[in-house]
Amino acid sequence: MGDGWMAWAEKVRSCVDWSEGDRARLQEVRGWLDAERGRMIEDLGEQVVEFNGAQALKTNARFMRRLHGLLREWLEGLLGGTFDGPSVRGREALGRELADVDLTFEDVILLEGMTRERLYAVARERLEGQPDRLSAIMDTLNKAFTRDLALIYAGYVDLHNAELERALLDRFLTITGFSPTLYDSLAEAARWRDAEG
């Protein structure tokens with residue numbers, strides 16, 4: 001995505017009022033999950049697989065390991081609290097990886113909803129009798145989910161655009177009869193011409 005991607009990340013940053021206080025609150029939530037993070041990731045993976053009607057995949061240990069790894073990366077990034085260049089690029093790349101295991105963006109929205117519900121339950125239990133702290137934690141989680149969803153969506157858009165570009169190129173090659181090698185040579189020549197001009 002290059003400069004366009006960074007401009008998009010800056011727009012997301014400007015729309016989400018993120019502070020050091022938010023970062024500290026996310027670290028607190030992260031600490032609450034230390035004991036149950038593994039179980040939570042397994043539950044989320046099973047729920048997503050069941051939602052897609054792909055129960056047979058539960059018996060595929062390799063797929064489930066990969067899915068759990070991606071879900072762990074997703075949750076760690078969500079609760080990481082950073083909003084710098086490497087972290088936002090990582091979220092966009094994660095969007096492509098999630099799509100690569102056939103999770104649609106709708107699945108990511110579902111995943112977010114299930115996780116939000118779980119985190120809110122943990123926060124309510126931990127902060128019973130502390131309504132102001134609970135409200136601040138909920139506000140931070142809402143901002144984290146909003147930011148994360150926007151950045152991951154960019155990965156899905158990038159992947160979709162690349163697939164569309166490939167499909168258009170395949171169609172062009174079929175219609176013109178060009179070979180992929182000839183097309184690549186012509187494209188390279190055009191890039192050289194543009195660089196010189």
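**Helices and core of a predicted model**

Colleague: Over the ring of which residue does the charged end of R147 sit, and how far from its centre?

Modeller: This is a predicted model, and in it R147 places its charged end over a ring. The ring belongs to W18, and the distance to its centre is 4.6 Å.

Colleague: How many aromatic pairs does the structure hold?

Modeller: A pair requires ring centres within 6.5 Å. By that criterion, the number of aromatic pairs in the structure is 0.

Colleague: How many helices and how many strands does the protein chain have?

Modeller: Read from the N terminus, the elements run α-α-α-α-α-α-α-α. The count for the protein chain is therefore 8 helices and 0 strands, with helices and strands taken as DSSP runs.

Colleague: Which residues touch the most other members of the largest nonpolar core?

Modeller: This core has 40 residues. Nonpolar side chains tend to be buried together in soluble globular proteins. The members touching the most others are W74, L79, L119 and L141.

Colleague: Which residues does L119 touch, not counting those up to four places away in sequence?

Modeller: L119 is one of the buried residues of helix 6. Leaving aside residues up to four places away in sequence, its contacts are V29, L33, M40, L79, L141 and F145.

Colleague: Why does the span of helix 5 agree with its number of residues?

Modeller: Helix 5 has 16 residues, and at 1.5 Å a residue it should span 22 Å. The expected span is 1.5 Å times one less than the number of residues. The span agrees because the end C-alpha atoms of helix 5 are 23 Å apart.

Colleague: Which residues of helix 5 are buried, and which residue with positive phi follows the helix?

Modeller: The buried residues of helix 5 are G85, S87, V88, R91, E92, L94, G95, L98 and A99. After the helix comes a residue with a positive phi, near 65°, namely D102.

Colleague: How far does helix 6 reach from its first C-alpha to its last?

Modeller: Helix 6 has 22 residues, for which 32 Å is expected at 1.5 Å a residue. The reach in the model is close to that value, at 31 Å.

Colleague: What percentage of the residues in the protein chain is buried?

Modeller: Buried here means under 20% relative accessible area. Of the 197 residues in the protein chain, the buried share is 36%.

Conventions
Residues numbered from 1 in each chain as written. Predicted model: local features only at pLDDT ≥ 70, side-chain atom pairs only at ≥ 80, totals over all residues. Heavy atoms only, no water. Core = buried A, V, L, I, M, F, W, Y, C linked by side-chain atoms within 4.5 Å. Buried < 20%, exposed > 50% of the residue type's maximum accessible area, 1.4 Å probe, protein only. Contact = heavy atoms within 4.5 Å. Phe/Tyr/Trp six-rings, centres within 6.5 Å; stacked < 30°, edge-to-face > 60°. Lys NZ or Arg CZ within 6 Å of the ring centre and 35° of its normal. Helix = DSSP H or I, 4+ residues; strand = E, 2+ residues; numbered from the N terminus.
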